[in-house]
Amino acid sequence: MKEDQDRFILRGQTLAFSGNPFEVGVEDAVDYRQDGAVVVEGGRIADVGAATDIIKQYTCAPVINYGDALIMAGFIDTHTHYPQVDIIGSNSQGLVDWLQKHTFPCEAQFDNKAVAENSAEFFLDQCFLNGITTASVYCTVHPQSAESFFEAATRRNVCMAAGKVCMDSNTPADLADTAQTAYDQSKALIERWHDEGRNQYAITPRFALTSSPAQLEALGGLWSEHPTALMQTHLSETKDEIARVLEQHPTYDSYFQVYQSFGLTGEGAIFGHCIHLSDDERRAIAVSGAAIAHCPTSNAFMGSGIFDLDATRRTAPEIIVSLASDVGAGVSFSMFATMRAAYEATRLHGVVLHPAEAFWMATCAGAKAMRLDDRLGNLVPGMDADLVVLDLKSNPLIARRVARAEDFFDVLFAQIIMADDRAVKETYVAGNIVYQRAQAST
Ligand SMILES: [Zn+2]
């Protein structure tokens with residue numbers, strides 16, 4: 001604990017955001033320093049500035065010099081499934097086949113707490129190795145899957161949101177809860193874990209096809225009793241799913257309206273995918289203050305469709321669109337892979353995603369989606385020191401490309417297109433190093 005109290009300085013290139021690049025433009029949104037420094041004290045960011053000024057001001061503090069590596073806020077993954085680490089990259093015919101062939105048999109094993117503990121630890125290791133310091137995580141239907149995850153997160157003092165998945169329809173018998181047990185178990189978990197240390201609870205109906213109206217109603221009621229918890233679910237991932245939801249809920253005009261009618265939207269609601277939304281749904285999400293978790297590697301891998309960021313933002317400019325891996329339907333923990341796929345998705349819709357926009361989505365937007373933007377997700381004084389240090393020349397090919405880069409944005413762009421987990425040099429959580437890349441590991 002002693003090192004938490006110590007003040008120290010990290011020196012390197014620094015990236016922070018002073019605004020939303022989609023709103024104020026990339027030049028005005030980005031606060032970049034070629035030779036910057038970050039003062040860390042008591043697990044928080046105490047100061048950020050030009051290295052020469054900072055070092056002059058905090059003369060007694062030790063300096064860790066990262067040279068030309070980039071110091072920035074840790075990545076935030078707003079939609080991921082920790083129990084699915086073992087089925088990542090498994091082939092299927094699409095969403096329903098994926099759930100039946102891979103997901104449900106895998107998740108059934110989590111009635112064994114040892115399985116949950118092992119996967120939770122492995123998952124968090126993978127997050128840190130990829131510079132992810134906060135995520136919004138789906139567990140399984142078993143309450144102990146959430147217990148195990150929060151226990152592992154607590155041991156690491158990392159800020160994670162998670163929730164027991166609720167599912168009582170179109171579900172194998174060994175994975176089904178009921179409206180009442182979903183409510184009772186989720187409530188007990190909220191009381192035990194929400195805001196306990198750095199943990200956040202997310203009420204988690206899997207999606208409208210696997211929750212009965214009674215269960216959705218019970219969970220909407222639970223959220224109104226615990227409004228500071230998050231709510232996460234899937235929305236509008238495939239066209240077949242949308243048709244089935246509307247068949248199951250014939251009185252509603254849209255998929256989103258189903259969640260809305262049960263009180264399952266508003267600030268702190270995170271909807272995964274949102275690929276095939278109507279303009280009315282986009283506007284309704286924006287007005288409610290809910291956020292979208294864009295899961296581009298998953299969408300391509302599953303053949304679900306291509307999220308249209310530009311159309312979404314044109315219809316509802318204030319909408320929060322964060323980035324997410326959706327492991328294990330998503331194929332990588334790497335936020336570079338996720339940003340790359342997000343870039344490709346915009347290209348397929350004829351638009352170019354700027355690297356500053358991508359990095360903002362992978363940090364600040366995620367914090368905003370999770371209602372944590374007053375405490376993390378950016379490199380500004382007062383925020384938790386959840387940081388990643390990136391090697392911008394992590395392999396010979398990137399180094400060669402970066403040597404020709406036009407400017408800092410071009411360097412960031414090269415990372416999005418070419419980098420992988422080897423670019424993550426160190427990951428800090430609350431001011432402590434939780435991952436350090438071994439030297440000369442090529
Ligand atoms: Zn998912």
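## Strand S10

In this predicted model, strand S10 is covered on both of its faces, with Leu230, Gln232 and His234 buried on one side and Met231, Thr233 and Leu235 buried on the other. In a regular strand, side chains alternate between the two faces of the sheet. Six of the six residues of S10 are buried, so the strand is largely enclosed by the rest of the structure.

## Strand partners of S10

S10 pairs in the parallel sense with strand S9, residues 200-205, over two bridges, and it also runs parallel to strand S11, residues 269-273, to which five bridges join it. Met231 takes part in both pairings, standing opposite Ile203 and having Ala269 as its bridge partner in S11. Together with helix H9, residues 213-225, the strands S9 and S10 make a right-handed β-α-β unit.

## Helix H12 and its cover

Helix H12 spans residues 279-288, and its buried residues are Glu281, Arg282, Ala284, Ile285 and Ala286. What covers them includes strand S10, helix H11 (255-261) and helix H14 (309-315). Just after H12, Gly289 takes a positive phi of about 90 degrees.

## Thr312 in helix H14

Thr312, which lies in helix H14, has a relative accessible area of 1% and is therefore buried, the cut-off for this being under 20%. The side chain of Thr312 makes a polar contact of 3.5 Å with that of Arg282, a buried residue of H12. Apart from neighbours within four places in sequence, Thr312 is in contact with Arg282, Ile292, Phe307, Ile319 and Val321.

Definitions and conventions
Residues are numbered from 1 along each chain as its sequence is written. This is a predicted model: local features need pLDDT of at least 70, side-chain atom pairs count only at pLDDT 80 or more; totals for chains, interfaces and linings use all residues. Side-chain values use heavy atoms; hydrogens and water are left out. Buried means under 20% relative accessible area, exposed over 50%, partly exposed in between (1.4 Å probe, protein chains only). Helices (H or I, at least four residues) and strands (E, at least two) are DSSP runs, numbered from the N terminus. Contact means heavy atoms within 4.5 Å. A polar contact is a pair of N or O atoms within 3.5 Å; within protein, one must be able to donate a hydrogen and the other to accept it, and residues adjacent in sequence count only if both atoms are side-chain atoms. Two strands pair if DSSP finds at least two bridges between them. A crossover is right-handed if, with the strands pointing away from the viewer, the path from the first strand over the helix to the second runs clockwise.
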